[in-house]
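Please work through the exercises below with the sequence and the model side by side, trying each task before reading its solution.

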Amino acid sequence: MRKVALLGSTGSIGTSTLDVVAAHPDRLEVAALAAGRNRDLLLAQCERFRPRLVSLSRPEDAQWLAGQLSYRPDILHGMDGLQACALESGADTLLAAVVGAAGLASAEAALRAGLRVCVANKESLVVGGALMRQALEAGGGELLPVDSEHAALHQLLAGHAPGAVREVRITASGGPFRDWDLQRVHDATIEQALNHPTWKMGPKITIDSATLMNKGLEVIEAAYLFGLSADQIAVTIHPQSQVHAMVGFHDGTYQLQVCANDMKLPIQYALLHPDRLPGPVPPYDWDAARAWTFEPPDLTRFPCLALAYQALAADGTAPAILNAANEEAVAAFLDGRIGFWRIQACCGAILAAIPAEPAHTLDQVMDIDRQARVQARTWISHHTRQGNP
């Protein structure tokens, strides 16, 4: 029986993870749940799965939950609560689905403690990829990706010597603005950016998909997960989101990984690896008529992808700087303080303003993260729209 600590249980990845757990009651058990502010959904999850340790972001919500539950788990809050869920719940597996850089410390600690860490929080690897690798080597645990593209690469690269691989390609749906001209992208509204054509996700990652920053962060994530350089990782636009990744070999051939666009598949792969069992998603239907299309990304209309390659090439703390600026800019866009095109402008300005340096410690990286956020907020305050996005 694998015991799972789930950080980010009320988000889209979290609820899908619990669907996978429910489909395998003889293989998976919930040891801990951590959520942000959705205390009502966490209450329902606790009553169903009865974890022994629970955490919420705010102390007042933790106190409220204690008064509502029909049993008495340990209830904590804040960053200490995330750490406790990872290390003190008896879990042997951490599924890290906390949005943003806040999930780095708990994921790094779990790796250092030798747990299997299934990382859905790409920001942990973007911000502290080198530190996560060091923690993995020190703790002797496992690091498995949950992003569909990286889960696909994990399967495709297994059994192949690194020297046999010429390149890897991860696919992108292209988001809601794939066919829009530059002026329309420039003027996109919040509602238009949140209208993703393929995936149902939280608002932050949906905006990242619209800018293609999400794909850029995934390029950085792939580099740290699989030890690849920037020039070995390419992106292909594939609107149908059925092919998730490709591996190209030196002889000119490719292998592709195909499955339905349902996150429960990579979640189950990570939780039950290496076993392949029937789960909550039906097998791919090859008898249904369909067409697939592939095209290169347009970096003029989606400059965030180019910024991610720039940060990966700079290495060190550059990806953390880019990630922090992006989180602040996306939050400002969702609040209506800046227009859609300002997201890439803010990210580019902050990446250029703060010099990258080698990443040595978690404290150093988080200090860089704070510096980048302060500068991004200042930039945003100077560009808050007043009739001119």
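The model is predicted, so local features need pLDDT of at least 70 and side-chain atom pairs count only at pLDDT 80 or more, while totals for chains, interfaces and linings use all residues. Residues are numbered from 1 along each chain as its sequence is written, and side-chain values use heavy atoms, with hydrogens and water left out.

**Exercise 1.** Determine whether Gln-45 is buried or exposed, and find the partner of its side chain in a polar contact.

Solution. Begin with the location: Gln-45 sits in helix 2, residues 39–49, where helices (H or I, at least four residues) and strands (E, at least two) are DSSP runs numbered from the N terminus. Next, take its relative accessible area, which is 6%; Gln-45 is therefore buried, since buried means under 20%, exposed over 50% and partly exposed in between, with a 1.4 Å probe and protein chains only. Then look for the partner: the side chain of Gln-45 makes a polar contact with the side chain of Ser-9 at 2.8 Å. A polar contact is a pair of N or O atoms within 3.5 Å; within protein, one must be able to donate a hydrogen and the other to accept it, and residues adjacent in sequence count only if both atoms are side-chain atoms. Finally, not counting residues up to four places away in sequence, Gln-45 touches Ser-9, Thr-10, Thr-15, Leu-18, Leu-33 and Arg-50, contact meaning heavy atoms within 4.5 Å.

**Exercise 2.** Work out where Trp-286 is found, and whether Trp-286 is buried or exposed.

Solution. First, trace the chain to the loop between helix 12 and helix 13 (303–314), which holds Trp-286. Second, apply the cut-offs: Trp-286 has a relative accessible area of 57% and is therefore exposed. Third, leaving aside neighbours within four places in sequence, list its contacts, which are Val-258 and Trp-292.
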